[in-house]
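Please look over the notes below on voids and helix packing.

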Amino acid sequence: MRLDVHTHGKLAKKLPFSTTYTDWLFGEARRAGLDALCLTEHFNTLQFGDLYRYLTAVSRRVGDCLELANGLRIFPGMETDVAEGGHILSIGPLEAILELNRRLEPHKEKETFLPLACAHPFRAPGRVPEQPMEQLRRFHFLDLNGKDMAQDRARTQRLTQALGKQLAIPVVAGSDTHQAVQYGCISTVFARGCATVSELWGEMQAGRYTIEVADQAPFQVRAACLLKRALKEVHALGGDYVSLLTQEAS
């Protein structure tokens, strides 16, 4: 099972949710060779609930996953900002993620939360690795982040793997993509398929996976950043970036 543990379903958290964009995005994920992904959308993204309500309507439940018609399995999740400047990933059953998001409603302007896994732990200005050990030991795994790997692979790999070893927790990989160009720059390949979070966690603990980094990862990340910036500007100028991107513009 080829899994991306850190992905997003929208181009940017302040842009409106688009079913057309999300359909295109997950179609491209499948074409990029992914069997599954963790949808770790920002907890304070615009229309967080709408995104998951739509996915529930167009998928079937398989274990903890939402399985789309194209076979892609989506593990529900969320990315939360914390006061220390870092980002934390949570992955779980849909109901748990929605409830977690609901409880965080009062903190969407001022974030104070620390759940499951540490995303891009050494990306500035985050200071999560500097927190007390009793806090760090609450993590289940670390995110070897595709964006950071593409920018400085040696440093990112060295520091993340060292922290994982110190905490005795797995290090798995996610692209951190908001659009399709970045899919496949890095992925985690498990020896078998999983449909529940407990199965996934068991495979992580057992170490039955490998991390694969694409040779073209630096180019993919640079291109993705440029494309995201350009599409946001199209939206800001009143254009329809979704139609432009999905070739539906007249």
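How do the residues lining the largest pocket divide into nonpolar, polar and charged?

1. The lining has 3 nonpolar, 8 polar and 7 charged residues. Ala, Val, Leu, Ile, Met, Phe, Trp, Tyr, Cys and Pro count as nonpolar, Asp, Glu, Lys and Arg as charged, and the others, Gly among them, as polar.

2. This is a predicted model: local features need pLDDT of at least 70, side-chain atom pairs pLDDT 80 or more, while totals for chains, interfaces and linings use all residues. Numbering starts from 1 along each chain as its sequence is written, and side-chain values use heavy atoms, without hydrogens or water.

3. The largest pocket has a volume of about 340 Å³. Of its 18 lining residues, Arg-123, Lys-147, Asp-176, His-178 and Lys-228 are the closest to its centre. Helix 8 (residues 217-236) gives the most to this lining, with 4 residues. On a 1 Å grid over the protein atoms alone, a pocket is an open set of points with protein on both sides within 12 Å along at least five of seven lines; in a cavity a 1.4 Å probe fits but cannot get out; lining residues have an atom within 4 Å of a point. Points are joined across faces, edges and corners, and a volume is the space filled by probe spheres set on them. Helices are DSSP runs (H or I, at least four residues), numbered from the N terminus.

4. There is 1 cavity of 30 Å³ or more. The largest cavity holds about 40 Å³ of space. Its lining includes Leu-15, Pro-16, Phe-17 and Tyr-241. By class, that lining has 7 nonpolar, 3 polar and 1 charged residues.

Conventions
Helix = DSSP H or I, 4+ residues; strand = E, 2+ residues; numbered from the N terminus.
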